[in-house]
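Please look through the sequence and the structure shown here before reading the briefing. The notes that follow are grouped by topic for a reader who is new to them.

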Amino acid sequence: MFHKAFILITLIAVWLFWRNARRIRKNILLGKDEDYTDHPEKRWKNVLLLAFGQKKMFRNPLVAVLHFFIYAGFIIINLEVFEIILDGILGRERIFAEYIPKGLYSALINSFEVLAVLVLIACIVFLCRRNILKLRRFISHDLDGWPRSDANYILITEIILMLLFLTFDASDTLLQIRNNGHFLFHHTGNFLVSQWLHQLMNGLSNQQLHTLMKSSWWLHIIGIYAFLNYLPYSKHLHIILAFPNAYYARLWPEGKIRNMKSVQQELLYAMQPELAPTDAAAPAKFGAKDVFDLSWRNLLDAYACTECGRCSAACPANITGKKLSPRKIMMDTRDRLEEVGRNIHKNRSYQDDGKQLLRDYISAEELRACTSCNACVEECPVSISPLEIIIEMRRALVMEDSDAPPEWNTMFSNIENNFAPWKFSPDERDAWKNV
């Protein structure tokens, strides 16, 4: 009966996650197409270094090590989760212990338990950094409301899951010591960490121990399924999307800003009219006003954002009190994309809701504060580029809406007329020598 209930819960959890993953994929593909399939060997190298190796995190070694504990725990302890799932489906207990030599099995579980303790320590430290030390990037108004609570919920959930894992091992091995064969399928011996919890459980009867073991087992696996289906609504979706984000990383030189080919062609035709085709069509749109105008790569960035704030902490505009926050740019893009996705799901196709990413979510003041210095891109641990989105939206402001500060318009006019930002004739460019 129990294994049938487990199979049903597993199928529901997998179906819900698949439905949410499919929804997110559809939202990402609302963006314009771009090709990121070149140089696969470099891309796999990025996956190994940036996603698996967390290369950029190690600029701050202590934080990187703590983060790596959580990351390694998530990856490696999933081997134990795989055993739990098989146990639930087959109605068995510790099925791997029947096929793996006892010494090797014990070594594996011991390593899982050590990782569980390291995850516990790391989560507690990160909770303290967020809620007691209150680092500047964690108390920013960017995170007001749900985003701040989201980070705490995830850390607390991970602590609970690790405690349940250790509780299960401790109650299981204590039953083995008591040699209560009525409850057991196996004899694994004690484990490195959970054996120290026996003293807390010695007062329990065999029946109570068995109830505790089964309860912690069920709560642990249900908690994992709940965590899995919480990810699509959380910043911790980067646990999954960091890998494709690293693979589809931008391989061009750092700091390079891609020109618009249509504008380049217009300039070429202005200087060499004989090259202009007679049937050349004007570009349909310049820059981006809404998520449809961004590339799918930009939208993947929005979902992969960890909300860690390293980009905003490095942004000179943000540091000097300007309104711009690269983290908020990514969060606003994701929020708008989610809203558009719900609109399409409800109406079968997108129905104009009177909103757009530009101005309704991200203001002109934010976009103009950007110095295009690339610091946000350089600092991001998962290869996100807020700068691309900023530049595309700033292009729409200037080229679509003719919305630019007077100083910019003066500079544009000088460049158009004098081929330089200054109000001097090209013939007088060397006049500065006589000043």
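**A covered helix and other local features**

In helix 11, the residues Trp296, Arg297, Asn298, Leu299, Leu300, Asp301, Ala302, Tyr303 and Ala304 are buried, where buried means under 20% relative accessible area, exposed means over 50%, and partly exposed lies in between, with a 1.4 Å probe and protein chains only. This is a predicted model, in which local features need pLDDT of at least 70 and side-chain atom pairs count only at pLDDT 80 or more, while totals for chains, interfaces and linings use all residues. Residues are numbered from 1 along each chain as its sequence is written, and side-chain values use heavy atoms, with hydrogens and water left out.

**Helix 11**

- Helix 11 spans residues 296-304 and is mostly covered, with nine of its nine residues buried; helices (H or I, at least four residues) and strands (E, at least two) are DSSP runs, numbered from the N terminus.
- The buried residues of helix 11 pack against helix 1 (2-28), helix 9 (238-247), helix 14 (326-347) and helix 18 (386-400), and contact here means heavy atoms within 4.5 Å.

**Glutamate 158**

- Glutamate 158 lies in helix 6, which covers residues 146-177.
- Leaving aside residues up to four places away in sequence, glutamate 158 touches Ile70, Cys123 and Phe227.
- Although glutamate 158 is buried, it has no salt bridge, and the nearest side chain of opposite charge, lysine 235, is 9.1 Å away; a salt bridge is a side-chain nitrogen of Lys or Arg within 4 Å of a carboxyl oxygen of Asp or Glu, and for charge Lys and Arg count as positive and Asp and Glu as negative, with His and the chain ends not counted.

**Cysteines**

- A search of the whole structure finds zero disulfides, a disulfide being a pair of cysteine sulfur atoms within 2.5 Å.
- Cysteine 123 is buried, with a relative accessible area of 0%, and its sulfur is 11 Å from the closest cysteine sulfur, in cysteine 128, which is too far for a bond.
- Cysteine 376 is likewise in no disulfide, as the nearest cysteine sulfur, that of cysteine 311, is 6.4 Å away; cysteine 376 is buried, with a relative accessible area of 9%.

**Positive phi values**

- Most residues other than glycine have a negative phi.
- Lysine 134 has a positive phi, near 50 degrees, and sits in the loop between helix 5 (102-133) and helix 6, where it counts as partly exposed at 47% relative accessibility.
- Asparagine 374 has a positive phi near 80 degrees and sits in the loop between helix 16 (364-368) and helix 17 (375-379), where it counts as buried at 14% relative accessibility.
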